Amino acid sequence: MKQIIFQKEPINIENAVKNTGTDRDGAVVVFIGRARNRSNNKDVNFLEYEIYESMAYKEMEKIVNYAVKNWSLNNCIVIHRYGRVNINEASILISLSSPHREEAYKASRYIIDTIKKTVPIWKKEFYSDGSIWITDRS
Amino acid sequence: MKITIKTFATVKDLLGFDEKEITIPEGSRVEDIIQKIREENPSFNEIKDSLLIAVNEEYCSSKTILNKNDILAIFPPVSGG
């Protein structure tokens with residue numbers, strides 16, 4: 001099962017994790033990217049993500065399809081927020097399962113690293129004295 | 001012929017539009033359009049990041065030749081996750 005979701009609403013983490021894993025899987029790996037309150041030596045109030053949704057879906061599909069095939073994943077769920085994301089909230093969740101942990105860890109790492117390079121989504125950090133688009137792929 | 005330009009993030013802020021239809025000569029390459037935008041919008045040169053280009057939702061190079069009704073998206077390096 002592959003699932004790619006872009007949404008404005010907060011991510012239901014428990015639900016996504018509960019829906020990951022089949023009888024064949026010995027490993028479920030979950031990565032959660034969160035909005036943190038400190039960046040560029042400034043206090044961050046909140047984030048906003050802009051998305052080119054139709055293209056983002058295509059790029060995400062390429063990443064997920066490659067990961068599923070390459071690391072024998074049985075489930076792979078990727079949920080990415082857009083719009084405003086408050087501090088402490090999850091901006092992205094990757095939940096996947098495979099028979100063994102090694103494949104699951106590798107796939108999770110590949111997916112988040114590649115998303116940061118190719119999926120057309122942009123993060124804007126809001127501080128008390130202004131805002132800035134982040135384009136350094138950190 | 002007509003094409004649509006889409007912009008995002010810093011590019012959108014500098015150009016002041018997120019989508020626009022323009023008329024271009026047949027056989028135009030992406031780099032010709034970028035050059036035209038630079039000439040018409042001096043502030044565009046403030047963008048220090050390398051730009052990414054997509055035509056019809058697929059990444060492409062600045063040498064790509066545009067066709068009628070293409071959607072040309074111009075944006076800075078992505079920062080999702």
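Two strands pair if DSSP finds at least two bridges between them. With that in hand, the exercises below work through a predicted model, which scores ipTM 0.94 and pTM 0.95.

**Exercise 1. Find which strands of chain B form a hairpin with two residues between them, and describe their pairing.**

Solution. Begin with the bridges: β3(B) and β4(B) are joined by two of them, and the sense of the pairing is antiparallel. Next, look at the connection, where two residues separate β3(B) from β4(B) in a hairpin, and where N56(B), in the turn, has a positive phi of about 50 degrees.

**Exercise 2. Place the strands of chain B in their sheet, and state what the order and the pairing are.**

Solution. The five strands form an open sheet whose order is β2-β1-β5-β3-β4 (chain B), with mixed pairing. At the edges stand β2 (19-23) and β4 (58-59) of chain B, each of which pairs on one side only. On one side, strand β1 (residues 2-7) of chain B runs parallel to β5 (residues 71-75) of chain B, and four bridges join them; here T4(B) has I71(B) as its bridge partner in β5(B). As for confidence, chain B averages a pLDDT of 94, and 99% of the residues score at least 70.

**Exercise 3. Describe the four-stranded sheet of chain A, from its order to its hairpin.**

Solution. The order of this open sheet is β7-β5-β9-β10 (chain A), and its pairing is antiparallel. Its edge strands are β7 (83-86) and β10 of chain A, each pairing on one side only, and from one strand to the next the twist averages 25 degrees. Turning to one pair, we find five bridges between β9(A) and β10(A), which pair in the antiparallel sense. Among the partners, E125(A) has I132(A) in β10(A), while Y127(A) stands opposite G130(A) of β10(A). The two strands β9(A) and β10(A) form a hairpin, with two residues between them.

**Exercise 4. Decide how α2(A) and α3(A) are oriented to each other: roughly parallel, roughly antiparallel, roughly perpendicular or oblique?**

Solution. First take the geometry: the axes of α2(A) and α3(A) come within 10 Å and cross at roughly 160 degrees. Then apply the cut-off, by which angles over 145 degrees count as roughly antiparallel; therefore α2(A) and α3(A) are roughly antiparallel to each other. Their crossing is right-handed. The contact is made by E59(A), I63(A) and A67(A) on α2(A), and by A107(A), Y110(A), I111(A), T114(A), I115(A) and T118(A) on α3(A). Sorted by class, the contact of α2(A) with α3(A) has six nonpolar, two polar and one charged residues.

**Exercise 5. Work out how many residues each chain gives to the contact between chain A and chain B, and which element supplies the largest share on the side of chain A.**

Solution. Chain A gives 22 residues and chain B gives 14 residues. On the side of chain A that touches chain B, at least two residues come from each of β5 (46-51), α2 (53-70), α3 (101-118), β9 (121-127) and β10 (130-134). The largest share of that side, four residues, comes from α3(A). By class, the residues on the side of chain A are twelve nonpolar, five polar and five charged.

Terms used:
Residues are numbered from 1 along each chain as its sequence is written. Chains are lettered from A and ligands numbered from 1 in the order in which they are written. This is a predicted model: local features need pLDDT of at least 70, side-chain atom pairs count only at pLDDT 80 or more; totals for chains, interfaces and linings use all residues. Two residues are in contact if their C-beta atoms, placed from the backbone, lie within 7 Å. Ala, Val, Leu, Ile, Met, Phe, Trp, Tyr, Cys and Pro count as nonpolar, Asp, Glu, Lys and Arg as charged, and the others, Gly among them, as polar. pLDDT is the predictor's confidence in each residue, from 0 to 100. Axes are lines fitted to C-alpha atoms, for helices over the stretch in contact, and angles run from 0 to 180 degrees between N-to-C directions. Angles under 35 degrees count as roughly parallel, over 145 as roughly antiparallel, 65 to 115 as roughly perpendicular and the rest as oblique. A crossing is left-handed if the near helix is turned anticlockwise from the far one by less than a right angle, and right-handed if clockwise.
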